[in-house]
Amino acid sequence: AVFPDGPTEFCDGGSVDLFVNGADSYVWSTGETNSVITVSTSGLYSVTGTDANGCSTESSDIEVTVYDNPVPTVTPNGPTEFCDGDSVLLTASNAVDYLWSTGATSQSITIFATGNYSVSVVDTNGCEGTSAPISIEVFVNPTPTITLSGPAEFCDGDSVVLTASGATSYAWSNGDTTQAIVVITSGDYSVEVTDENGCMGESDDVTITVYQNPVPEITASDTVVC
């Protein structure tokens, strides 16, 4: 008979030793002639033993099953490039157990940060496999600034030009959509910009104060004189 020294069902990459005794020489179904062979592929294995008298006996078959290791995939529920503040859900293909490169053990994880993410899984046969990494890039939102061409306080009739730092598009608090605006009235002004990645950011307020010009009055003590 053929005796295994361990389980005859295992995952790819494993093996089992099959051994036999009770004869003087052996020929396995694989062609090997040792009393012990190492098996790492699925199949039926048997051995023919011959004693000192030249009598031969063939053993019954022993079956070895080698399971393929799983090849998990990771599926995002949206773009893998997005702006800070957004996220993407990564879901692993079906398995029994999961271990993400982040340490999470759920089938799906939510990602907020740039990085390469992969998952190792265990299937119903107890076999393990690791997915290819998926790259996530999170863009930093722009932080626009406003530059003034002159003082933020001036007299009625003057003006100041407010210029936003470079971006793709602009939306000022007064409704203008150009990079620079001319301001002639008091108020708080800010700008929301969109950069080349489609990310948005809003500036701090700039306060503009426009003073009214004085209206002088002339007073006379007597409007009739000689």
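C83 is buried, with a relative accessible area of 12%, where buried means under 20% relative accessible area, exposed over 50% and partly exposed in between (1.4 Å probe, protein chains only). This is a predicted model, in which local features need pLDDT of at least 70 and side-chain atom pairs count only at pLDDT 80 or more, while totals for chains, interfaces and linings use all residues. Residues are numbered from 1 along each chain as its sequence is written, and side-chain values use heavy atoms, with hydrogens and water left out.

**Disulfides and other cysteines**

- The structure holds 2 disulfides, a disulfide being a pair of cysteine sulfur atoms within 2.5 Å.
- C83 is joined to C199 with an S to S distance of 2.1 Å, and this link is left-handed, with -95 degrees about the S-S bond.
- The pair connects distant parts of the chain, 116 residues apart, with C83 in strand β11 (residues 81-83) and C199 in the loop between β25 (191-194) and β26 (200-202); strands (E, at least two residues) are DSSP runs numbered from the N terminus.
- C199 is buried, at a relative accessible area of 0%.
- C11 is joined to C127 (S to S 2.0 Å), and the torsion about their S-S bond is about -95 degrees, so this disulfide is left-handed.
- With bonded cysteines counted along the chain, the disulfides follow the pattern 1-3, 2-4.
- C55 is partly exposed, with a relative accessible area of 45%, and C155 also counts as partly exposed, at 39%.

**Sheets**

- An open sheet of 3 strands has the order β4-β7-β8 with antiparallel pairing, where two strands pair if DSSP finds at least two bridges between them.
- β4 (25-28) and β8 stand at the edges of that sheet, each with a single partner strand, so one side of each is left without a neighbour in the sheet.
- β4 and β7 run antiparallel and are joined by 4 bridges, and Y26 stands opposite G49 in β7.
- Another open sheet of 3 strands, also antiparallel, has the order β10-β12-β14, with β10 (74-76) and β14 (108-111) as its edge strands.
- Strand β12 (residues 88-92) pairs with β14 over 4 bridges, and L90 stands opposite I109 in β14.

**Lining of the largest pocket**

- β8 gives the largest share of the lining, 3 residues.
- By class, the lining has 6 nonpolar, 6 polar and 2 charged residues, with Ala, Val, Leu, Ile, Met, Phe, Trp, Tyr, Cys and Pro counted as nonpolar, Asp, Glu, Lys and Arg as charged, and the others, Gly among them, as polar.
- A pocket is an open set of points on a 1 Å grid over the protein atoms alone, where a 1.4 Å probe fits, with protein on both sides within 12 Å along at least five of seven lines, and lining residues have an atom within 4 Å of a point.
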